[in-house]
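Hi there,

Here is the structure I promised to pass on to you. Have a look at it first, and then read my notes below.

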Amino acid sequence: MSTLYRLLTAALALIGCASLAITGEIRPVMSISGLALIPGYYRFLRGESHAPVIVIGLLSIVELVIFLFDAVAISGDAFLAVAHLTIAFQALKSFDLKEPWDNLQVYFVSLLQLVIASELTNSLAFGVVFVVFLVVLVAAMVLSHFMKEGRAETASVKGPVYVVTVFTLLLTTFLFVVIPRTTHRFIGKSYSRGMHTTGFSERMDFVSFGNVKLDPAVVMRVEMSGDLSGPFYWRGYTLDRFDGLTWQNDLPRQRIRLRKNGDQFISEPYDTNRSVAQQIYLEPLDSEVIFGLSQIKGIRTDLYSVMQDSAGNFFIPGKSSRRIRYAAYSVLSDDLPGISDPRYLQLPAENRKIAELAREITRNERDSIRKARAVEAYLMKNYAYSLSVSSPPAGVSPIEDFLFRSKKGFCEHYATAMVLMLRSIGIPARVVTGFIGGDRNAYGGYLIVRRSDAHSWVEALIGGRWKRFDPTPSVSARRPQSVMLMLDSVEMYWARYIVGYSSMDQQALVEMLGRLFGSGHTAGRAKEAPGTFALRHILYSALGVTLILAVLIFVLRKKYRRRHGPATASYLRIRRALFRKGFPITSSTTSDDIVSLTAGAPYSSSLRQYLDRYRRRRFGLQKDDSDIRSLAEQVIGEIRSSARSRKK
Amino acid sequence: METVLQGKGGVIRMAIVALLGRGHLLIEDIPGVGKTTLASALARSMDCSFRRIQFTSDLLPTDILGVTIFNQETKEFEFRQGPVFSNIVLADEINRTNPKTQSALLEAMSEHRITTERTTLVLPEPFMVIATQNPVEYHGTFPLPESQLDRFMLHITIGYPLAEFERRAILRQSSFEILEDLQPVVSRQEIVRMQDEAGTVFAEDSVVDYLMQIVAGTRNHPEIRLGASTRGAQFFLRAARAYAYSDGRDFVLPDDVKALAPLVLGHRIIPRARKSIAESEALIEEIAESLPVPL
């Protein structure tokens, strides 16, 4: 076994375990066995003997027992337990690498670890580890192929190994990094601190000022059933407590887990025929909140739980670091049922001027709904929308500054001002944050919601229902260029059919195949999420992969041929022909050995003539291929027609 | 030469390979199978000066290299050349003398010159040392130091002749008489020319790689304490070229490399367990057998 091959095996095992380690999800105690990799592979690289069979056997049993305990009691999660098991396996295997097959086991388990890790994280570090893994794996596989062919020790192997590895790296970069991320992920997202960008967060504050940048990064993509018209209010989160600078929500302790009914988490029983399904691909946000059109009744997702709080906000368990996918089923309405709560009347300490203004505006109105409409209309009419807000003078709160001095601001100012005014006159109100609208992408027939679509509006509790008000004047949005839309649709397809291929799709596929082949079993299913799966997508991808593989094989073959020319090719064929006749031809058999082995055979003289020619061509200075092939054909013919094998 | 040493074509060929590769030859075998005869026959077939040094336990370096003596007539010190100043030097039973005297040959063998006191003297070309030795297990021998062993290109054994040839050998006249009858077949200039030509034999990259792998194999083998040196690898390639040349080819085959490996490398390695050179050669063969031949 060559040193390079050993090195690659060790690298793969370490990368596999490292990929799990960087997710931060595995338990340190359960993965402590991974430390054994270091002495294990140290010994392996130095070519020291492997551990005794009995020890390995006993440890394997211990490993399995621990795994069972782990799955049932310690982690209580089969997925994590498998992750821990793979680490223990790698550690054990590092002491027990005897045959080439053992190395392949290591490759396989490393791959498994990568797959598990990809479920646990989506960090950039994992991306890097994945690319490294891929390069090392390809190199190891190509090398192992050459080893199998008995050619690993020659320098000529290195060329193909490098070529294939680099080619794969480029191809992978293109497929996995460039296509899905070009438009937004790495380039578009702004992490810079100190600059205020639009977007969503679970707090809202008026601490920083200056120009607010419109961040075009995509937040979510939505496929909707039916032909609905906007405006779409993608309701996310409610804010109820304001201290003059910051809005917060005091409800987080009161979330309840939704029951699962069939394949949906149900908030409230609803009439499926009246509901609107939204298939949502939500990009990672620094939040547990999920979005949907009001009012969400049911959510269908692969996640293991969904929670809801008393304000009708929905949450996933934990902030997701990768794109999640869910279907929200909503019965559309502009208001929600609700009960009054003192928290929705809370006001910041200094609110006198705002209260005066509110009373002034609503002086002529009698009932709550009219008062609220009056405030909404007043804000919409008298204030200018602007993303450029200067810092208020000392001692003036940002909202007072907006209302009485600068008279310009963006949705957060409008919504905050309206809530404060409504609360001042005794109407319970809260700020709602989320997104509004979205660009319809004609190429994919879905909506793109961007960070720049972030919005906040107002809900006021009037007559026992939370009614929606939006005091922000609408602004004309610039349309994105069609190239960007087209690229985005590629990303959407990627997310939809490759990355996000889930059990839901499998079900859909089965149903579609069922329909295709006329089976009646799947007729009675409930309304499906939009975007039904198309068989041609599978066919196209399969075709693409086959094409790529074919090109790869072609390039490899070409390379191999050019390197050795027809002389070697013909010599290999003759060796194979002799081997089939029972001659003990191994990789260390030389041409002289062949001469002595075949002495006395009817074709020995022509074989010797050929070998002479071959040697001259291959090892001599003569570079003429003219007759070598015909000579080889003749010899092969003679060998094949020779009477019988002469076993030695 | 075949007339002197019948049935030993392979051995003779190796002797010629060592000569063409500008190397030195170490012949090791039990007494009485024709070591000295082979060396003498090789020397006599060429039109070259030939000296024989019988190595004994009391031999001194000056007995080999020469000695500076005071000339009474000219009143000057003058150097009197020792037996090493000839084309073919037969160092007979080299392991009978002590290492000090053995080492006297070191510079002569590697650089074809000797240094005594202040003068450096160049040896005649071609220059070749043929040493014979008895297996180290025998009484009254000093094993050759590794540095000395490394300077021999090839290490060969002769072995008992086949029964048929042995019978002839016993019946015919004494081999020394035949030796007397041998006529030179090549001149000194021709030998030098052939040596030059053998040095230009083409070795394809993959063949050189193969050779390097075998050398590397001796360094990584678990049963070998010390593998072959870089000089060993140089000798190996030179021997392979000479071998190909002696076969009438102008290019080296992997076959040449494989065939020569045990003879070139066998005496250069130090196995972990104490073993004879023959067993070392078996180890080398094992290494060569485990490596794929370039196709």
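How many residues does the contact take from chain B and from chain A? It takes 21 residues from chain B and 19 residues from chain A. On the chain B side, helices H10, H12 and H13 (277–290) each supply at least two of the residues that touch chain A. H10(B) gives the most, with four residues. Sorted by class, the side of chain B that touches chain A has twelve nonpolar, three polar and six charged residues.

Please keep in mind that this is a predicted model. Its scores are ipTM 0.73 and pTM 0.45. For chain B, the average pLDDT is 79, and 93% of the residues score at least 70. Among the elements of chain B, H11(B) has the highest mean pLDDT (87), while helix H8 (residues 175–181) has the lowest (68).

**Chain B as a whole**

Chain B holds 13 helices and eleven strands. Of its 295 residues, 43% are buried. If you take the contacts in chain B between residues at least 6 apart in sequence, 78% of them join residues at least 24 apart.

**Helix H11 of chain B**

H11(B) covers residues 230–246, which makes 17 residues, and it reaches 24 Å from its first C-alpha to its last. That is close to the 24 Å expected at 1.5 Å a residue.

Why can we say that H11(B) is largely enclosed by the rest of the structure? Twelve of its 17 residues are buried, so the rest of the structure largely encloses it. Among those buried residues are B:Phe235, B:Phe236, B:Leu237 and B:Tyr243, and the list also includes B:Arg238 and B:Arg241. What covers them includes helix H1 (9–20), strand E9 (154–156), helix H9 (188–199), helix H10 (205–220) and helix H12 (254–265) of chain B. Just after H11(B), B:Gly248 takes a positive phi of about 80°.

**The nonpolar cores**

In soluble globular proteins, nonpolar side chains tend to be buried together. The largest nonpolar core here has 99 residues. The members that touch the most other members are B:Leu25, B:Ile130, B:Leu154, B:Phe236, B:Ala239, B:Ala240 and B:Val264. H11(B) provides the largest share of this core, ten residues.

You could pick out B:Ala240 on your screen. Leaving aside its neighbours within four places in sequence, B:Ala240 is in contact with B:Ala203, B:Leu211, B:Val252, B:Asp256, B:Val257 and B:Leu260. Another core, of 73 residues, lies apart from the largest one, and its members include A:Val218, A:Val222, A:Ile436 and A:Met492.

**Strands in both chains**

In chain B, strand E6 (residues 113–116) and strand E7 (residues 119–122) pair in the antiparallel sense over four bridges. B:Ile114 stands opposite B:Leu121 in E7(B). E6(B) and E7(B) form a hairpin with two residues between them, and B:Glu117 in the turn has a positive phi of about 45°.

Chain A has an open sheet of four strands, in the order E7-E14-E15-E11, with antiparallel pairing. Its edge strands are E7 (256–257) and E11 (289–290) of chain A, each of which pairs on one side only. Strand E14 (residues 307–308) and strand E15 (residues 314–315) of chain A run antiparallel and are joined by two bridges. Here A:Gln308 stands opposite A:Phe314 in E15(A).

**Some backbone details**

Most residues other than glycine have a negative phi, and most peptide bonds are trans.

- A:Lys407 is not a glycine, yet has a positive phi of about 60°. A:Lys407 lies in the loop between helix H11 (398–406) and strand E20 (408–409) of chain A, and counts as partly exposed, with 13 C-beta neighbours inside 10 Å.
- B:Glu93 is not a glycine either, and has a positive phi of about 55°. The loop that holds B:Glu93 runs between strand E5 (88–92) and helix H4 (99–103) of chain B. B:Glu93 is partly exposed, with 19 other C-beta atoms within 10 Å.
- A:Ser294 and A:Gln295 are joined by a cis peptide bond, with omega about 10°. A:Gln295 sits in the loop between strand E12 (292–293) and strand E13 (296–301) of chain A.

Enjoy exploring!

Best wishes

Terms used
Residues numbered from 1 in each chain as written. Chains lettered and ligands numbered in written order. Expected span 1.5 Å × (residues − 1). Buried ≥ 20, exposed ≤ 12 C-beta atoms within 10 Å, placed from the backbone. Contact = placed C-beta atoms within 7 Å. Nonpolar A, V, L, I, M, F, W, Y, C, P; charged D, E, K, R; others polar. Core = buried A, V, L, I, M, F, W, Y, C linked by C-beta atoms within 7 Å. Pairing = 2+ DSSP bridges. pLDDT = per-residue confidence, 0-100.
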